[in-house]
Amino acid sequence: MRAPRIFRTLAFRIVAVYLAIFAVSAAAIVAFTWWNTARALNAQTDQIVEADITGLSERYDRFGLAGLTDAIVNRSSHGGATLYILADSEKRPIAGNLDAWPELAQIGGNLVEFDYERRLGNRLEQRRARGRDFDLTGGFELLVARDVAERHETEKLFTTMIPWSVLLIVVLGLVGGGLISRKFLARLDQINRTSREIMEGNLSRRLPVGHAGDEFDVLALNLNRMLDRTERLMRGMREVTDSIAHDLRTPLNRLRNRLEGTLHSLDSHGAAGVQIEAAVEETDRLMATFNALLLIAEAEAGVAREAMTPVDLRGIVEGVVELYAPLADEKGVSLSAAPSGQAIVNCIGSLVSQALANLLDNAIKYTPAGGGVNISVEDTPSGIALCVADTGPGIASEDRNRVLERFVRLEASRHSPGTGLGLSLVAAVARLHDAKLELEDNGPGLKATLLFPAGANRRSSVPQIAPQKMAVRS
Amino acid sequence: MRMLVVEDDLEAQRYLVNGLKEAGHVVDDAADGEVGLTLALSRAYDVAIVDRMLPGIDGLRLVEEIREHGNTMPVLFLSALSEVDDRVKGLKAGGDDYLTKPYAFVELLARIDALMRRRHPASVKTQLQVGDLELNLLTRTANRNGSAIDLQPREFRLLEYLMRHAGQVVTRTMLLESVWEYHFDPQTNVIDVHISRLRAKIDKGFESPLLHTVRGAGYMIRARA
């Protein structure tokens, strides 16, 4: 199963990566700040303790134990946050505001930390202190410390708070990312929808441009400019084919008219008459080639796309088979059409008929008497396949792409009538319909397949990627 | 019959007008859209032959205008354009037929005849007859000289079309368009094979053939005069 579409958007991925970086850096900044603050606070505590101890040890040196005890009792009674305890060598307390010598934890240097209990009203409270113990001459030990419970609490708070904050950042970020991606997707969908319509032949469609002037608007503007240009080129190409058609057909028309007129005034069975009749036929052939070329150009430009309607291929096959059946019969080629179910394809019926007629024409032309031509329509998973298979000599695999090019005629067929445009027209019709034209070995013979993309209505499906190029263009 | 020819290529126009006059028609000509429109609206014609690309008002507009004035005379478009939707555009604009240049003159004449017939249907016929060949359009049966001829549906339509135009040249393109409804030229002349099959069915064993090939043009069905 694939992840929901929103998670696959670029916007969402950018948000996710940014979020990860942001969460890590936020945690790092908080941790660093805390570490620095704690260090400064500890340094302060340590300085006070150090000063206290220096004072007390000087006092011991000058006034002995009694002087020291006095000072400790005196300082303890002031309250404050400083803890004192003076003990003998057995760790029995002599003076101070701690009841007993606590369990000390060395934390580097001669600094210690320890837990102690403090009475607040009638409640005992477990608290933490930080200080230094000092050996006095005579086996006495002095411990001076300051209560650091508050700092300790804050530290604990920070260590629990950081993961929770990171979690919160991630959750809020994901929600925000989701919202941004949705907006992103909505605009992209709009662009995709419009491009699909344009690909289907509606060249006059344009992308909507907002007023914000953001990247999407710039993109839409640029795409629209590109489309304007494409449309202009298409229109230009249409005008050119129209005027070529007009400028070549008009003189051809005159030529044919003159020949016909001359033929009319001559005895058509005389030598001159036969020559002129041949000339008229030549004109017609010229015209057929010219028409096929124009039709190919038109199909390739895709200008007739808007004329596509859903058509049942079976009807097309029936019609064309009916047209060609007597010809096949005459040649002693058996022509059969495999029965098939309904096969609706969005197409220009007349062009598909013509393409099928060209394929069938070739198949019958190249299949020797006694051979067979079979037409089938199949609904395959990859689309609807219209297939013409013959038992003729086939086309060598290295020539299969070449025959789709204009005017290419294989040596073997150079002497049969034809313009050399039949298959290129089929290829052009295929391209116009986003269909694929495949030429395969029928063992023996040739199997030509027109594979129309699945789904008669392509508007609802995922954007169609243009089918792979079928003909190698020279 | 009175005909209007609107064609800007003067040589083609002269040829067309001469040909039509030779065939016994009365012809007016115009070399551009404005003159054509004025003539079409001021005089009564049986048929108009209009080039699609004209200076001034083009062929499509010309026909649209005369249709807007309620004129229903048959119009045949001549065009050097043959792209798929050009024919459709021409017919949509109010044309009755569409012929692509270059055309054979017989093709043009045959089409004009067909247009005229469509305009004046000689009462609804249920039976067609050429010589001793009879075609019953109700029972869809054919017989010649009293013996029944077995025809496939398409052969029936082919014969019907030929008999409706008895005595006229019918071109291969006309047959392909009217009987098969295809607007393209097949690479091989498949129509000839259909005709030879039909000929075998209706003419074989009879002394006088009815179905004739007209060289360089097409076919014609007629009884020996």
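## A pair of helices in chain A

Let's start where two helices of chain A meet: Ile316(A), Val317(A), Gly319(A), Val320(A), Tyr324(A), Leu327(A), Ala328(A) and Lys331(A) in helix 5 touch Gly349(A), Val352(A), Ser353(A), Leu356(A), Ala357(A), Leu360(A) and Ile364(A) in helix 6. Two residues are in contact here if their C-beta atoms, placed from the backbone, lie within 7 Å. By class, this contact has eleven nonpolar residues, three polar and one charged. Ala, Val, Leu, Ile, Met, Phe, Trp, Tyr, Cys and Pro count as nonpolar, Asp, Glu, Lys and Arg as charged, and the others, Gly among them, as polar.

The axes of helix 5 and helix 6 of chain A come within 10 Å and cross at roughly 20°. That makes helix 5 of chain A roughly parallel to helix 6 of chain A. Their crossing is right-handed (the near helix is turned clockwise from the far one by less than a right angle).

## About the model

This is a predicted model, where local features need pLDDT of at least 70 and side-chain atom pairs count only at pLDDT 80 or more, while totals for chains, interfaces and linings use all residues. Residues are numbered from 1 along each chain as its sequence is written, and chains are lettered from A and ligands numbered from 1 in the order in which they are written.

Helices (H or I, at least four residues) and strands (E, at least two) are DSSP runs, numbered from the N terminus. Axes are lines fitted to C-alpha atoms, for helices over the stretch in contact, and angles run from 0 to 180 degrees between N-to-C directions. Angles under 35 degrees count as roughly parallel, over 145 as roughly antiparallel, 65 to 115 as roughly perpendicular and the rest as oblique.

## Helices 1 and 2 of chain A

Helix 1 (residues 10-77) and helix 2 (residues 149-199) of chain A have axes that come within 9 Å and cross at roughly 165°. These two helices of chain A are therefore roughly antiparallel to each other. The contact between them has 21 nonpolar, five polar and two charged residues.

## The sheet of chain A

Chain A has an open sheet of six strands in the order 2-1-6-5-4-3, with antiparallel pairing. Two strands pair if DSSP finds at least two bridges between them. Strand 2 (93-96) and strand 3 (105-106) of chain A are at the edges, each with a single partner strand, so one side of each is left without a neighbour in the sheet.

Strand 1 and strand 2 of chain A pair over three bridges, with Leu86(A) opposite Ala95(A). They form a hairpin with five residues between them, and Lys91(A) in the turn has a positive phi of about 65°.

## Where chain A meets chain B

Here 41 residues of chain A are in contact with 30 residues of chain B. Helix 3 of chain A gives the largest share of chain A's side, twelve residues. That side divides into 15 nonpolar, 15 polar and eleven charged residues.

## The sheet of chain B

In chain B, five strands form an open sheet in the order 2-1-3-4-5, and the pairing is parallel. Its edge strands are strand 2 (26-30) and strand 5 (97-100) of chain B. Strand 1 (residues 2-6) and strand 2 of chain B share five bridges, and Met3(B) stands opposite Val27(B). Helix 2 (residues 33-42) of chain B packs on this sheet, touching strand 1, strand 2 and strand 3 (47-51) of chain B.
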